[in-house]
Amino acid sequence: MRTETDKTKLYDRQLRLWQKDGQAALERARVVVVGSSTLASESLKNLVLPASSADPVSESYSAIFSRPPLSCGHVERSCGRRVLSHLCAVVGIGEFIVVDDALVADEDLRTNFFVRAADAGKSRAQSIVDNLCEMNPDVHGQALVKAPPEFIALSEQDGPEAELLGSATLVIVCAQPDEIVRALGARCWDANIPMVAACNAGFIAEIRTAVREHTIVESHAGAKSDLRVMAPFAELRAYADSIDLEALDSTDLAHVPFVVLLIKAVDKWVAETGLAKTGLEYKHRKEIAKLVSRMAPAPGEENFDEAAAAVNANCSDYEVPSEVSQILADPAANAATAQ
């Protein structure tokens, strides 16, 4: 198993996009894939394979693709990679389960990178699981050797199949008949589990989704600082008023929190200018920053420098972002659950 430092290096590109919380959600993900065709294995490859080209696992996969292609399967392989690279652009999931009862045939040996000649006649689902798990030891895979119609029928009863489907984070249906797609889509819709159905013929592909609602709670947008400097709550106001900067010696003055210094500076600026705290312009905040620096007993006082640097971020009107207000006003927010 990799250490956290190894994972940070391995998933560097993802962490830059959705940070640790997003990557942790990926590592908890349980993906159920119905079908074991080339499209299914390519879909899972994009979910399982680490992104770092310097990783030995990625290099081994590059070696697989460097093999001379077989002419009869080259078009389908290329198309499968291209279609599913857009469909499944994330990597490093926690677990995947492939549901299918098909056996590895000669056609699979020509079109699917994740079956070998020695797999001929064996379970295709088990074969691609075994070969995919070699790509990333942190991802767990298993095969459920059942026909998709049988799996759907059993999932409607109390049993392991129903538990498996109910615990899925995402369901991917690959190259299955329309009745299978519709049946699974209805089940996933009722259970509020996102489902993606895909099929392709040469360079023509179709992707359908069934998602009731997808809520992003942490968008990781730049958060605006709000230390309540412009509108201190009662306890903060009382604490700031209890400190007499003029009566403190240099040691105690160096330990005054910069938030208190900002409140003192804003109060002094209002008293000197007669202006209101609200609607401050940049020039006003610049004046407050200079006032903070003048309040320092000597240049280089760390807490005063920190307060002066924090003026722009904290001496402005704070409003709840419009996107947050929109979420809070949504009727679904009144009935929010852990799911």
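Modeller: In helix α3, the buried residues are T38, L39, A40, S41, E42, S43, L44, K45, N46, L47 and V48. That is 11 of the 11 residues of the helix, which spans residues 38–48, so α3 is largely enclosed by the rest of the structure. This is a predicted model, and what follows is computed from it.

E42 has a relative accessible area of 0% and is buried. K45 has 7% relative accessibility and also counts as buried, because the cut-off for that word is under 20%. The side chains of K45 and E42 meet in a salt bridge, with N to O at 3.7 Å. The two residues are three apart in helix α3, so about one helical turn separates them.

That pair can be set beside others in the chain. A search of the whole structure finds 13 salt bridges. One of them joins the side chains of E95 and R30, at 3.1 Å from N to O. E95 lies in strand β2 (residues 95–99) and R30 in strand β1 (residues 30–34), so this pair ties together parts that are 65 residues apart in sequence. E95 has 22% relative accessibility and therefore counts as partly exposed.

Another salt bridge is formed by D178 with R182, whose closest N and O atoms are 2.6 Å apart. Both residues lie in helix α10, four residues apart, or about one turn of the helix. D178 counts as partly exposed at 33% relative accessibility, and R182 counts as exposed at 58%. D178 and R182 also belong to a network of salt bridges that includes E206 and R208.

A175 lies in the loop between β4 (170–174) and α10 (178–191). Its phi is near 50°, a positive value in a residue other than glycine. N192 lies in the loop between α10 and β5 (195–201), and has a positive phi of about 55° although it is not a glycine. Most residues other than glycine have a negative phi. Both residues count as partly exposed: A175 has 44% relative accessibility, and N192 has 34%.

S155 is found in helix α8 (residues 148–155). At 2% relative accessibility, S155 counts as buried. Leaving aside residues up to four places away in sequence, S155 touches E161, A162, L165 and R187.

Just after α13, G274 takes a positive phi of about 75°.

Further along is a part of the surface. V320, V324 and L328 make a nonpolar surface patch of about 270 Å². V324 has its place in helix α17 (residues 322–329), and counts as partly exposed at 34% relative accessibility.

A disulfide is a covalent bond between the sulfur atoms of two cysteines. The structure holds zero disulfides. For C199, the closest cysteine sulfur is that of C174, 9.5 Å away, which is too far for a bond. C199 counts as partly exposed at 31% relative accessibility, while C315 counts as buried at 0%.

Finally, the whole chain. The protein chain has 17 helices and six strands. Buried residues make up 40% of its 339 residues, whereas in α3 the count is 11 of 11. Among contacts with a separation of 6 or more, 65% are between residues 24 or more positions apart. The accessible surface of the chain comes to about 18,900 Å², and 54% of that belongs to carbon and sulfur atoms.

Key. Residues are numbered from 1 along each chain as its sequence is written. This is a predicted model: local features need pLDDT of at least 70, side-chain atom pairs count only at pLDDT 80 or more; totals for chains, interfaces and linings use all residues. Side-chain values use heavy atoms; hydrogens and water are left out. Patches are made of residues with over 30% relative accessible area and no salt bridge: like charges are joined within 9 Å, nonpolar side chains (Val, Leu, Ile, Met, Phe, Trp, Tyr) within 5 Å. Accessible areas come from the Shrake-Rupley method with a 1.4 Å probe; for residues, only the protein chains shown count as cover. A salt bridge is a side-chain nitrogen of Lys or Arg within 4 Å of a carboxyl oxygen of Asp or Glu. Buried means under 20% relative accessible area, exposed over 50%, partly exposed in between (1.4 Å probe, protein chains only). Contact means heavy atoms within 4.5 Å. A disulfide is a pair of cysteine sulfur atoms within 2.5 Å.
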